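Let me put the structure up, and then I'll walk you through the pocket, the annotated spans and the side-chain contacts.

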Amino acid sequence: MNAVAHAPAGQRPATEPPPAARRRRHQLLPYLLLLPGAAWLLLFFAAPMLQLGAASLYDPTGSLSTGYALTWAFGNYPTALQAYWPQFGRSFLFAGTALALALLMGYPLAYVIARKAGRWKNLLLVCVIAPMFTSFLVRTLAWKTILSDNGVLVGLLRDIHLLGPDGRLLATPLAVVLGLTYHFLPFLVLPLYASLERLDHRLLEAAGDLYASPLRTFQKVTLPLSRPGLTAGMLLFFIPATGDYINAELLGTPNEYMIGNVIDSAFLVRLDHPQGAALSFLLMAAILAVVFVHLRRAGTEDLL
């Protein structure tokens, strides 16, 4: 028999820590579990963000060869915005248009998979996710082939007179919007599917028992209960679509360039790091403002 078994009644075994120590251990445990994630964010997010913020305040007259100096040049921000506000507006216009198209296609698709697909549900989910297994660049090049002037799609649209003899899809704003819609559609469909799949079918039956039409049932039951997935999906779609530059680069022309293309050029072509960093922060601030307004109207509980 060990010492614990022979401990008198009401007396704590010698090997058991005191209650105060146990409480401290339980209080510290959540913070210890947060340490790896916090270290990762500090190292790979906070530190680069601080460096990027410092770069946005460099003396704009410097260069990689002569060296940059931190002169707290806040004028980089209005200068960058004044020079590239059309690309800012175009980015939000293209991303918003693509989001509207994605909602028209994605909500019915998510509803069918969640409520009507039956034994085909897993197959349809794989079809939604499967394109993401391929490189983003390869998928964009595939769209470039699909929308090419000599492609089957353009030929068909010309034959049915939806496009003129010299009409085209490639190198147009429509091509960029279609590319954004295609690439980020799964980010909208999957959260929507998760919300709709958890929807209690008895609520829909109850609405029918109360003589609600299918449209009324959708407005008063299905849509409100799917708002968490809808809100999350819209944010997951809109944020990367606004900063994208691959679609505009490969499917458009310089007339369709978005702010991501300008930032890419500032860092890698013109080597104007202060302007690229300032544009990056302006883009982040604009997206955060849109997200804040959206969450204020929708409610943060919709993300739970």
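So, let's begin with the largest pocket: α2 (76-116), α3 (121-129), α4 (136-146) and α6 (173-197) each put at least two residues into its lining. Helices here are DSSP runs of H or I, at least four residues, numbered from the N terminus, and strands are E runs of at least two. Before I go further, this is a predicted model, so local features need pLDDT of at least 70 and side-chain atom pairs need 80 or more, while totals for chains, interfaces and linings use all residues. Residues are numbered from 1 along each chain as its sequence is written, and side-chain values use heavy atoms, with hydrogens and water left out.

Back to the pocket. Which helix gives the most to that lining? It's α6, with six residues. In total 13 residues line the pocket, and M105, T181, Y182, H183 and L185 lie nearest its centre. By class that's ten nonpolar, two polar and one charged. Nonpolar means Ala, Val, Leu, Ile, Met, Phe, Trp, Tyr, Cys or Pro, charged means Asp, Glu, Lys or Arg, and the others, Gly among them, are polar. The volume is about 200 Å³, taken as the space filled by probe spheres set on grid points joined across faces, edges and corners. For the record, a pocket is an open set of points on a 1 Å grid over the protein atoms alone, where a 1.4 Å probe fits, with protein on both sides within 12 Å along at least five of seven lines; lining residues have an atom within 4 Å of a point.

Now the annotations. An unreviewed UniProt entry gives "transmembrane region" for 28-50, 92-114, 123-142, 170-194, 229-248 and 277-295; positions follow the numbering used here, feature names are shortened, and annotations may be inferred rather than shown by experiment. In the model, residues 28-50 are 100% helix, with end C-alpha atoms 29 Å apart. Residues 229-248 come out 90% helix, and their ends are 28 Å apart. UniProt also lists 88-294 as "domain: ABC transmembrane type-1", again from an unreviewed entry. That span is 76% helix and 0% strand.

On to charges. How many salt bridges are in the whole structure? Three, counting a Lys or Arg side-chain nitrogen within 4 Å of an Asp or Glu carboxyl oxygen. D149 pairs with R168 at 3.0 Å. That one links distant parts of the chain, 19 residues apart, with D149 in the loop between α4 and α5 (152-159) and R168 in the loop between α5 and α6. R202 and D200 sit at 2.8 Å, and R202 is exposed at 60% relative accessible area. The cut-offs are buried under 20%, exposed over 50% and partly exposed in between, with a 1.4 Å probe and protein chains only. R270 and D272 make a bridge at 4.0 Å.

Last, aromatics: there are nine pairs, meaning Phe, Tyr or Trp (six-membered) ring centres within 6.5 Å, with planes under 30 degrees stacked, over 60 edge-to-face and the rest tilted. Y58 and Y68 are stacked, 5.4 Å centre to centre and 15° between planes. Both lie in the loop between α1 (19-55) and α2, so the pair ties together parts ten residues apart in sequence. F184 and F237 are edge-to-face, at 6.1 Å and 75°. They link helix α6 to helix α9 (residues 227-243), 53 residues apart.
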